[in-house]
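Dear colleague,

Please find below the structure I am handing over to you. My notes on what was found in it follow.

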Amino acid sequence: MPDLPDRPDLPSTASVELAAALRPAILRLNRQLRRETLSLGVSPLMVMVLTTIGKEPGIGVSDLAVRENMRTATMSTHIKQLEEQGYVVRDQTLHADRRRVGLAITRQAEQLISDVRRLRTDWLARRVASLPAAERAALAKAVNALTLLGN
């Protein structure tokens, strides 16, 4: 493959090759981190929804569905399950439009999110600690670049 010119709309061959190597590594790592929620009896989707509601108390089911790229009916089913488990409450006073019901997480959900973060961080810390020093240093240098990629 010929090297493409360095233009913002056309990545270089080196960038494409790096992205091709990075993508599956990130996907595997993300899958492993998501599996850590299973020991707590919750799905990664539940944690994602609770985290979003926690960051935006008062968000409605429809807005949440759009944010998470789901059908409203599907999101509504998930919210009902989370309510039944004591993780979510509905409150009309939370939504900017008082005719609509806003969602909020409970203290139980806050604890769950904290537990998930701790489990995931502990799992990752053990993996990082098992790497040779040079690899740990490379990861430390890569954190900023990875953060910029996610923004």
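Leaving aside its neighbours within four places in sequence, which residues is Tyr 87 in contact with? The model in which this is asked is a predicted one. In it, Tyr 87 is in contact with Val 42, Met 46, Leu 50, Leu 82, Ala 104, Ile 105, Thr 106, Gln 108, Ala 109 and Leu 112.

Tyr 87 also belongs to the largest nonpolar core, which has 21 residues. Tyr 87 is one of the residues with the most contacts inside this core, and the others are Leu 50, Ile 53, Leu 64, Ile 79, Leu 82 and Val 88. Two or more residues of the core are given by each of H2, helix H3 (61-67), helix H4 (72-84), strand E2 (102-105) and H5. The most come from H2, with 5 residues.

As to confidence, the average pLDDT of the chain is 89, and 91% of the residues score at least 70. Confidence is highest in H5, at a mean of 96, and lowest in H1, at 91.

The largest pocket holds about 790 Å³ of space. Its lining consists of 18 residues, and those nearest the centre of the pocket are Ile 26, Leu 29, Leu 124, Leu 139 and Leu 146. H1, helix H5 (107-129) and helix H6 (133-150) are the elements that give two or more residues to this lining. With 8 residues, H1 gives the most. By type, the lining of the largest pocket divides into 13 nonpolar, 2 polar and 3 charged residues.

The second largest pocket holds about 220 Å³ of space. Leu 18, Ala 19, Leu 22, Arg 23, Ile 26, Ala 142, Ala 145, Leu 146 and Leu 149 line this pocket. Here H1 and H6 are the elements that give two or more residues, and the largest share, 5 residues, comes from H1. The lining of the second largest pocket comprises 8 nonpolar residues, no polar ones and 1 charged residue.

Thr 37 lies in the loop between helix H1 (13-35) and helix H2 (44-55). Thr 37 counts as buried because its relative accessible area is 0%, and buried means under 20%. Leaving aside its neighbours within four places in sequence, Thr 37 is in contact with Val 42, Ser 43, Pro 44, Val 47, Val 116 and Arg 120. Val 42 is also among the contacts of Tyr 87.

With kind regards

Note on methods
Residues are numbered from 1 along each chain as its sequence is written. This is a predicted model: local features need pLDDT of at least 70, side-chain atom pairs count only at pLDDT 80 or more; totals for chains, interfaces and linings use all residues. Side-chain values use heavy atoms; hydrogens and water are left out. Helices (H or I, at least four residues) and strands (E, at least two) are DSSP runs, numbered from the N terminus. Buried means under 20% relative accessible area, exposed over 50%, partly exposed in between (1.4 Å probe, protein chains only). Contact means heavy atoms within 4.5 Å. On a 1 Å grid over the protein atoms alone, a cavity is a set of points where a 1.4 Å probe fits but cannot get out, and a pocket is an open set with protein on both sides within 12 Å along at least five of seven lines; lining residues have an atom within 4 Å of a point. Grid points are joined across faces, edges and corners, and a volume is the space filled by probe spheres set on the points. Ala, Val, Leu, Ile, Met, Phe, Trp, Tyr, Cys and Pro count as nonpolar, Asp, Glu, Lys and Arg as charged, and the others, Gly among them, as polar. pLDDT is the predictor's confidence in each residue, from 0 to 100. A nonpolar core is a set of buried Ala, Val, Leu, Ile, Met, Phe, Trp, Tyr and Cys residues joined through side-chain atoms within 4.5 Å.
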